[in-house]
Amino acid sequence: MNIRNRLWLVFSLLFILVCLGLYGFIVKTYEERVLAGQREISITQGQAVVEQLSGTYPRFPERTEGYLSFYSDRLDARLLVLDYQKKVRFDSFEKFTPGTHLSLTILEKGGELPRTEFVPTTNYGYVQYTLFPLGNETPASSFLLMIKDVNVLYEDIRSFQYLMMAVMALAIMVFFLLSFWLAAWFSRPIHDIVRHLQGITPQKRTFTMEYNRKDEIQHLVRAIRQMVDQLNQYELRQRQFISASSHELKTPLTTMQLICENLEHVREDPGQFREFTQDLLVQTDKMKKVVEDLLHINRMWDRPLNLDYITGGEIRNHIEKQFQRVLDSRGLFFRFTIDADAHFEADWELFFHGVDNLVANAIRYSSENKEIHIGVQKDGDTGESLLFVCDEGIGIAEEDRPYIFEPFYRSKQAMDWDREGTGLGLVIVKLMADRHGGKLELESSVGKGTCVRLKFGNKIVTQRQLL
């Protein structure tokens, strides 16, 4: 069963249940009010008869019988006078002989008088019994029993029931049609989403559905559109990555092939042979570095995060241990700005691999006697921890900045300065930041240096890890 029919069924069943409950409540309330009105009328009428009989019974039997006959005709009711044993003394219809015992529920019940009850009978339909005390004795020594035919009253109640059934049936039919339209209206966006998704193919991956109502469906449409866009970007980057990596690997392989083809021709010349073998080692090391970085990027995506508490002091100690010798040999120096309460919740290996690439880039593209400023700070307002690495090196041109995090991308200025890079260092940095839910910011000016900032919110776990 599709969603439209399921919604239609649910709406209809809910409305039917509401209608049944409403029908029962209205009919019961109407019946109670009708019977309560009849009860008040009967008690009022009976009290008037009791007042007349109080002065005649039991001293004047003829007058009592006359009053009973008169009020019986006037009220269209049967009136009976009962003694203290609740046996018949007088009957306005003159059918019960004096001393007749009546088996009626109202006579057997105790409680305050007057009281009344409505009883369904086999021969006469619905009958109302109302019992009154005669005289002022306590307990009463005689009683007046008034019997009324109330079939007309119950016919009115049944007519009202039939009317309400017709109204409810009509309402259910109308809502049955309306609920079908409502179900179709609610489910139409889902059908549209499915139809647009079915139009997505490997050759045409676009989601063009527009949805303007501000509800959960709009969030779903935006999420699907974002997912499709990310898939397209992923595919584009994958193609670019394959193309770039193929090119980067092809160049050293071609060079290595040429060297190997010419080795036998320079074997007799030790100088050229040594130069060829050194070039071969250089190309091998370059290709090895590219392959290692590619494998590391792939492992970064697949491995789960193992979050550790990393302090600013540990970051400083790691950087000094890894790079101080290289720094001294290049004539550069570090300047650290470390906040005591700044720390990161991060995967130790991935985090320091990214940090190492940032510091290595800063050293690689800085000239002698320049400063590399490294800082670890904490934002008191947002709770984010900030790591920045700023150098005074060659900088990055404005036209190169949009592509600087693309795999194997290197600006012309960077290649002129140092040809040993692979173009994967900043890719690894960005991937490390993305895995930790961090933000990566870059500021640079040609000839003045580059500053890269990493902002992490503590205790962030990526969706990939949760899966």
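Partly exposed describes a residue whose relative accessible area falls between the buried range, under 20%, and the exposed range, over 50%. Glutamate 320, with 27% relative accessibility, therefore counts as partly exposed. The model is predicted.

- Glutamate 320 pairs with arginine 316 in a salt bridge whose closest N and O atoms are 3.2 Å apart.
- Both residues of this pair, glutamate 320 and arginine 316, belong to helix α7, with a separation of 4 residues, or about one turn of the helix.
- Arginine 316 has 35% relative accessibility and so counts as partly exposed, as does glutamate 320 at 27%.

**Salt bridges between strands**

- Arginine 335 and glutamate 371 meet through their side chains in a salt bridge, at 3.0 Å from N to O.
- This pair links distant parts of the chain, since arginine 335 is in strand β7 (residues 333-338) and glutamate 371 is in strand β9, 36 residues apart.
- Arginine 335 is partly exposed because its relative accessible area is 37%.
- Glutamate 371 has a relative accessible area of 18%, so this residue is buried.
- A salt bridge also joins the side chains of glutamate 384 and lysine 439, with an N to O distance of 3.3 Å.
- Here too the pair links distant parts of the chain: glutamate 384 is in strand β10 (residues 384-390), and lysine 439 is in strand β11 (residues 439-445), 55 residues apart.
- With a relative accessible area of 18%, glutamate 384 is buried.
- Lysine 439 is partly exposed because its relative accessible area is 42%.

**Packing of helices α7 and α8**

- Two packed helices are described by the angle between their axes and the distance between the axes.
- For helix α7 (residues 312-330) and helix α8 (residues 348-364), the packing angle is about 30 degrees and the axes are 11 Å apart.
- Helix α7 is therefore roughly parallel to α8, because angles under 35 degrees count as roughly parallel.
- The α7 and α8 helices cross in a right-handed sense.

**Nonpolar surface patch**

- Four residues, Val10, Leu14, Leu17 and Leu20, make up a nonpolar patch on the surface.
- Together they have about 390 Å² of accessible area.
- One of the four, leucine 17, is located in helix α1 (residues 3-53).
- Leucine 17 counts as exposed because its relative accessibility is 58%.

**Cis peptide bonds**

- Tyrosine 57 and proline 58 are joined by a cis peptide bond with an omega of about 5 degrees.
- Proline 58 sits in the loop between α1 and α2 (61-75).
- A cis peptide bond also runs from leucine 113 to proline 114, where omega is near 0 degrees.
- Proline 114 is placed in the loop between α3 (105-108) and β3 (115-121).

- Lysine 86 is not a glycine, yet its phi is positive, at about 60 degrees.
- The loop that holds lysine 86 lies between β1 (78-82) and β2 (88-91).
- Lysine 86 counts as buried because its relative accessibility is 19%.
- Asparagine 369, a residue other than glycine, likewise has a positive phi, near 65 degrees.
- Asparagine 369 is in the loop between α8 and β9 (371-378).
- At 58% relative accessibility, asparagine 369 counts as exposed, whereas lysine 86 counts as buried.

- Threonine 284 belongs to helix α6 (residues 270-302).
- Its relative accessible area is 31%, so threonine 284 is partly exposed.
- Threonine 284 and threonine 255 are separated by 29 residues in sequence and by 9.8 Å in space, C-alpha to C-alpha.

Definitions and conventions. Residues are numbered from 1 along each chain as its sequence is written. This is a predicted model: local features need pLDDT of at least 70, side-chain atom pairs count only at pLDDT 80 or more; totals for chains, interfaces and linings use all residues. Side-chain values use heavy atoms; hydrogens and water are left out. Patches are made of residues with over 30% relative accessible area and no salt bridge: like charges are joined within 9 Å, nonpolar side chains (Val, Leu, Ile, Met, Phe, Trp, Tyr) within 5 Å. Accessible areas come from the Shrake-Rupley method with a 1.4 Å probe; for residues, only the protein chains shown count as cover. Helices (H or I, at least four residues) and strands (E, at least two) are DSSP runs, numbered from the N terminus. Buried means under 20% relative accessible area, exposed over 50%, partly exposed in between (1.4 Å probe, protein chains only). Axes are lines fitted to C-alpha atoms, for helices over the stretch in contact, and angles run from 0 to 180 degrees between N-to-C directions. Angles under 35 degrees count as roughly parallel, over 145 as roughly antiparallel, 65 to 115 as roughly perpendicular and the rest as oblique. A crossing is left-handed if the near helix is turned anticlockwise from the far one by less than a right angle, and right-handed if clockwise.
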